[in-house]
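This briefing is for a reader new to the structure shown below. Please look over the sequence and the model before going on to the notes.

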Amino acid sequence: MSWVTAVVLALLVASGVMVFVRLARGPSMLDRAVAVDALLAVVVAGLGARTAEARTPYTLPVLLVLAFLGFTGSVAIARFIAVRGTPEPPPPARPAGPAGPAESQDHDEGAGP
């Protein structure tokens, strides 16, 4: 293992620990969702670094699947949070129609001579 690979893996382990702390302590659901996405990105980067160091292309399908799952998971969580955060739309207004005889009689009762 070269010293460059060792430094890269050490930095990835450090970032993975920091992301895992955010995942455990995240005060909101959105913080945890972003932490899961970042943790998956760190795992993909670690696998990519290990694959490049070993010069074997066998983990490329695994990397592609993990990247695809990370992307679709992030989009799904973002859509869920966006739908959950929007207020409920008001009910549709009733269309204004011509005043019927019952409404005009009620209105005329209050009128003076």
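A residue is called buried when its relative accessible area is under 20%, exposed when that area is over 50%, and partly exposed in between, using a 1.4 Å probe and protein chains only. Because its relative accessibility is 11%, Thr 5 counts as buried. The model is a predicted one, in which local features need pLDDT of at least 70 and side-chain atom pairs count only at pLDDT 80 or more, while totals for chains, interfaces and linings use all residues. Residues are numbered from 1 along each chain as its sequence is written, and side-chain values use heavy atoms, with hydrogens and water left out.

**The chain as a whole**

- The chain has four helices and zero strands, and its pattern along the sequence reads α-α-α-α.
- Helices (H or I, at least four residues) and strands (E, at least two) are DSSP runs, numbered from the N terminus.
- Of the 113 residues in the chain, 12% are buried.
- Contact means heavy atoms within 4.5 Å; among contacts between residues at least 6 apart in sequence, 42% join residues at least 24 apart.

- Two packed helices are described by the angle between their axes and the distance between the axes.
- Axes are lines fitted to C-alpha atoms, for helices over the stretch in contact, and angles run from 0 to 180 degrees between N-to-C directions.
- The axes of α1 (residues 3-25) and α2 come within 9 Å of each other and cross at roughly 165°.
- This crossing makes α1 roughly antiparallel to α2, given that angles under 35 degrees count as roughly parallel, over 145 as roughly antiparallel, 65 to 115 as roughly perpendicular and the rest as oblique.
- The crossing of α1 and α2 is left-handed, a term for a near helix turned anticlockwise from the far one by less than a right angle, with right-handed used if clockwise.
- Residues of α1 that meet α2 include Thr 5, Val 8, Leu 12 and Leu 23, and those on the α2 side include Ala 35, Val 36, Leu 39 and Glu 53.
- The residues of this contact of α1 with α2 divide into 13 nonpolar, four polar and five charged.
- Here Ala, Val, Leu, Ile, Met, Phe, Trp, Tyr, Cys and Pro count as nonpolar, Asp, Glu, Lys and Arg as charged, and the others, Gly among them, as polar.

**Residues in α1**

- Leu 23 lies in α1 and is partly exposed, with a relative accessible area of 21%.
- Not counting residues up to four places away in sequence, Leu 23 touches Arg 32, Ala 35, Val 36 and Leu 39.
- The side chain of Thr 5 makes a polar contact with that of Ser 2 (3.2 Å).
- A polar contact is a pair of N or O atoms within 3.5 Å; within protein, one must be able to donate a hydrogen and the other to accept it, and residues adjacent in sequence count only if both atoms are side-chain atoms.

- Thr 51 lies in α2 (residues 29-54) and is buried, with a relative accessible area of 16%.
- The side chains of Thr 51 and Thr 59 make a polar contact (2.3 Å).
- Arg 55 is found in the loop between α2 and α3 (60-85) and counts as exposed at 74% relative accessibility.
- Phi of Arg 55 is near 55°, a positive value in a residue other than glycine.
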